[in-house]
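Let's take a friendly walk through a protein model and look at its charged side chains. Have the sequence and the 3D view ready.

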Amino acid sequence: MNTLILLRHGQSEWNKENRFTGWVDVDVSAAGLAQAKQAGTIIRERKFDFDIVFTSYLKRAIRTLWMVLEETDRMWMPINTDWRLNERHYGKLQGKNKDETREQFGAEQVQIWRRSYATPPPPLEEPAPQTDRRYADVNIPAGESLKDTLERVMPCWQQRLKPKLVAGCNMLISAHGNSLRALAKHLDGMDDDEIMKFEIPTGVPLVYQLDAKLGVVSREFCES
């Protein structure tokens, strides 16, 4: 069997401030660092093995991975990054306080933007300028639904993640709530209603055991 660990980054500064983050490159908070360290401790103590690691282009996921590698004494391990593992792009909502957004648009509408499968948030009115070297060859989205996020994550799964798992590697992916929800939807065969209710907490390893055909044998959230 293969072990696949999905780890949502530790609490970010904007998680703490209850703001929509998306592709904004916000770092983890002090509490998020502690969550990342604890995740590494759990992985070490539970003896979950991993041979290869992936993360997004965003520092909150990268720093979380650094902490896990430190706690598991694997700082020597090469880190594979892929922009397609970035968080869902929240369009015009990025940077806005969620409570204030509910007051402006109504709680029901904000819940639809946050948790529906196919409804995107209001898009940016102008495309983001291509000034960031990370995204020189990327068509940066103006806003994404979870469905849109899944559609960009799946090529990463097919091209980079799945082949390593099929070859027998155990894998750790440090990424984001929605990019990981997209992977979970695919792995577990969740329908659109199920994924709306599925939440991945910050800093809590979600551990899959997969068979030779990458079917799910077991899945568990591993908390201390």
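This is a predicted model: local features need pLDDT of at least 70, side-chain atom pairs count only at pLDDT 80 or more; totals for chains, interfaces and linings use all residues.

Residues are numbered from 1 along each chain as its sequence is written, and side-chain values use heavy atoms, with hydrogens and water left out.

A salt bridge here is a side-chain nitrogen of Lys or Arg within 4 Å of a carboxyl oxygen of Asp or Glu. Searching the whole structure turns up 20 salt bridges.

Start with Arg134 and Asp25, whose side chains form a salt bridge at 2.7 Å, N to O. Arg134 sits in the loop between α5 (107–115) and α6 (146–166) and Asp25 in the loop between α1 (13–16) and α2 (30–45), so this pair ties together parts that are 109 residues apart in sequence. Helices are DSSP runs (H or I, at least four residues), numbered from the N terminus.

Next, find Arg44 and Glu71, which meet in a salt bridge at 3.4 Å, N to O. This pair links distant parts of the chain, with Arg44 in helix α2 and Glu71 in helix α3 (residues 59–71), 27 residues apart. Is Glu71 buried or exposed? At 15% relative accessibility, Glu71 is buried, whereas Arg44, at 38%, is partly exposed. Buried means under 20% relative accessible area, exposed over 50%, and partly exposed in between (1.4 Å probe, protein chains only). Both residues also belong to a network of salt bridges that links Lys37, Arg44, Glu45 and Glu71.

How values were computed: Helices (H or I, at least four residues) and strands (E, at least two) are DSSP runs, numbered from the N terminus.
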